[in-house]
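Here is a friendly walk through a two-chain structure for your next look at the screen. Keep the sequence and the 3D view open side by side as you read.

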Amino acid sequence: MDTDKTEYVTNPTRPTLFMRTFLPYQAWRFAVINLKMIEIIRRSHKTETTDA
Amino acid sequence: MTRVVVLGAGIAGHTAAAFTRSWLGRGDTVTVISPRPDYNWVPSNIWVGVGLMKASKVTFPLAPVYERAGIEFVQASARELHPEGRDGDSTPYVTAEFGDGRRTGVRYDFLINATGPSLRFDKTPGLGPEDGHSLSVCLPDHAAQTAAALDEEVERMRRGERRKFLVGVGHGTCTCEGAAFEYIVNLEFELRNRGVRDKAEITWITNEYELGDFGMGGMHLKRAGYITPSSVFNASLFAERGIDWITRAHIHQVEPGRALYETLDGSRREQEFDFAMLLPPFSGVGLKAIDRAGADITERMFMPNAFMRVDADYTARPHEEWKAADWPRTYQSPDYGNVFAAGIAFAPPHAISVPRKSPNGTVIAPAPPRTGMPSAMIAKAVARSIVDMAGGAREPTHSASMAEMGAACVASAGANPFTGTAASMTVFPIVPDYDLYPPYGRDVKRTFGEIGLAGHWIKILLHHMFLHKARLRPGWRLIPE
C-alpha cells in the first residue's frame, strides 16, 4: 500500500478499536444508534403530507 | 373500480404495490408487472458475494405473497406505455412481453413506474460477469458467482499464491458506491477470517472525487470538537484495513487481469487484478411511450438516460445554482397526471456530487443514489397520493422530496456477531439544502456516523425486519421504510 497515503490518515487508537467490539459499550450504542435512526425516520415521514 | 398497475417489484415497486393494495377498496385492482419471479433484498447481496449467505436467503417467490395479498402478478417485462390509449379507446395501457415473446396489454387508471435500473455493463467494454472479465453483486446470481470465484482465490492463496483484488465502480458515471464499499470491507474481513489476508493485495477504485462521497457530495460529521468530512473517516477505515485506493477514476476498459482507467487529471493508467468486483453504471430500462395516434413520445416522457421525467426542475444550470427545490416532491409525470415514477426509475434533476470532467472530456462524477430507504419512502408517498386521487383528490396529496427527507444507512464492515462491525450513518437531508443548513447543506446534529459491533447487530436486525415486511407477514405495516 502507498505509504504516502497511510502517513496522512487518521488512525484509531487502541482504546477506540477495543470499544468497537466491547459488548457492554456496544449494547449501549445499539440503543443510541437506534434512537438516532428512529428520529431520522420520524422526521422524514413528516414530509409525506402536503396541503393539496 | 380503480386499476393500479405497478411496473417492477423491487424495493420501490413492491412497497408501492403493497401499500396501494392495503389502502384501496376491495373492488379495486393492483397489478404488478415484473420480469423476475422473485423479490430480492438487494442490500444483503454483499453477504452472498462473500459467501456468508446463500442467494436463497435474500430472495423469495413473489407469486404466493401477491396471491395472499390480493395483488395480481404478471411475470413479464414492461415494454411500452400508451398513456392516451389507442384510437377509439382512450383507456391507457401498458404493453408487456412474456419470456416467450408473447405480448399483452394491461389497462390502468394509475401507473407507477418502479422499473429500477438497467445494469449497463455494456458502457465499459469487458465489464461484467456475463460478457466481461469482472464480477458483480447487483443480482443474487451475480453475487453467488462472485462468492464461487472468491472461494477459488482463497484456495490459491492457501497454496501460497499472492492475489490482487480490485473492487469499486466500473465507469465514471456509476452510483451505488456505498454497496461496493460494503463489499470491499466485507471481503477484507472475510479474507482475514479465512486466514489468507497476508496473501491479498486489495485496491478500491472509484469515480468519487474524495473517498466517502457516495454520490451525495460526502457528509460532514460533528466529532470531538470538529466538523469532519466523511473522506477522513473512509480513508482511516481503509488504511486501518490495509486497503489501497484510487479515486477520481473512470474505467474505460476491462481486459482479462487488468483494468484500464483514466483519472480526472487526464492521465491513463492500468491496474492489474486476479479478482475484480466492479459495479456497472445505471440507466432506465428503456420503456417506450406511444401516443394515441401511434407516435413515439418517449423523448417527452423520459430523459436521454431513459429515467422518467417527473415534477422536478430539469432546467440545465451550473452546479453553483443547483437548489434543493429542483428535486421532485410528488413524482407525478408532468404530462400525464395518472402516471408516477418511484425509486431509481425517476430522473433526478441533476447530480448531488459536483460534476467534473477530465481534460479529455470524460465525465468522472458519481450519479445520485436513490436506493433503499428513499426508494421505499417515495413509493409509499406515491401509493398514498394515488389512493387519495382514486378517492377524488385532484392532485397528489403526499410528497417525499429527497431534499426534505433523511436516510439511515448501515454499511456492513464485517459479519460476525462478536467481532464484526458496521458503519452506522444518518444523513439529513439526503440532498443538501445550503439555504436551510449553511454552510454544509445538512443538519450536522442529525448527520452522524460511527463504526462498531452495534452497527452489525442493526444490519442483521434490518435484514430480517425488511424481509419480514416484504413477505407481507403480520405487522408488516408497522415496520418503517
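The briefing below goes from chain A, to the contact between the chains, to the strands of chain B and one residue there. Please keep in mind that this is a predicted model. Chain A has 3 helices and 0 strands, while chain B contributes strands that pair into an open sheet of 5. The two chains touch through 27 residues from chain A and 37 residues from chain B.

**Chain A**

- Following the sequence of chain A, you will read the pattern α-α-α.
- Of the 52 residues in chain A, 15% are buried.

**Where the chains meet**

- The contact draws 27 residues from chain A and 37 residues from chain B.
- On the side of chain A that touches chain B, the elements giving two or more residues are helix H1 (3-7) and H3 of chain A.
- H3(A) supplies the largest share of that side, with 12 residues.
- By residue type, the side of chain A that touches chain B divides into 9 nonpolar, 10 polar and 8 charged.

**The helix pair across the contact**

- Helix H3 (residues 23-45) of chain A packs with helix H9 (residues 453-470) of chain B, their axes 8 Å apart and at an angle of about 55°.
- The crossing of H3(A) and H9(B) is right-handed.
- To find the meeting place from the chain A side, look in H3(A) for Gln26(A), Arg29(A), Phe30(A), Ile33(A) and Asn34(A).
- From the chain B side, the residues in H9(B) are Leu453(B), Ala454(B), Gly455(B), Trp457(B) and Ile458(B).
- The residues of this contact between H3(A) and H9(B) comprise 6 nonpolar, 3 polar and 1 charged.

**The five-strand sheet of chain B**

- The open sheet of 5 strands has the order S5-S2-S1-S9-S22 (chain B), and the pairing is parallel.
- Strand S5 (72-75) and strand S22 (339-341) of chain B are at the edges with a single partner strand each, so one side of each is left without a neighbour in the sheet.
- From one strand to the next, the twist averages 20°.
- Strand S9 (residues 110-113) of chain B pairs with S22(B) in the parallel sense over 3 bridges.
- Within S22(B), Ala341(B) is the bridge partner of Asn113(B).
- Helix H8 (residues 373-390) of chain B lies across strand S1 (3-7), S9 and S22 of chain B, and H8(B) runs at about 175° to S9(B).

**Strand S6 of chain B and its partners**

- Strand S6 (residues 77-82) of chain B runs antiparallel to strand S7 (residues 93-97) of chain B, and 5 bridges join them.
- In this pairing, Ala78(B) stands opposite Ala96(B) in S7(B).
- S6(B) also pairs with strand S21 (residues 288-289) of chain B, here in the parallel sense and over 2 bridges.
- Glu80(B) has Lys288(B) in S21(B) as its bridge partner.

**A look at Arg258(B)**

- Arg258(B) sits in strand S17 (residues 258-263) of chain B.
- With 17 other C-beta atoms within 10 Å, Arg258(B) is partly exposed.
- Leaving aside neighbours within four places in sequence, the contacts of Arg258(B) are Glu270(B), Gln271(B), Glu272(B) and Phe273(B).
- Pro438(B) is 180 residues from Arg258(B) along the chain, and their C-alpha atoms are separated by 43 Å.

Notes: Residues numbered from 1 in each chain as written. Chains lettered and ligands numbered in written order. Predicted model: local features only at pLDDT ≥ 70, side-chain atom pairs only at ≥ 80, totals over all residues. Pairing = 2+ DSSP bridges. Helix = DSSP H or I, 4+ residues; strand = E, 2+ residues; numbered from the N terminus. Buried ≥ 20, exposed ≤ 12 C-beta atoms within 10 Å, placed from the backbone. Axes fitted to C-alpha atoms, helices over the stretch in contact; angles between N-to-C directions. Left-handed = near helix turned anticlockwise from the far one by under 90°. Contact = placed C-beta atoms within 7 Å. Nonpolar A, V, L, I, M, F, W, Y, C, P; charged D, E, K, R; others polar.
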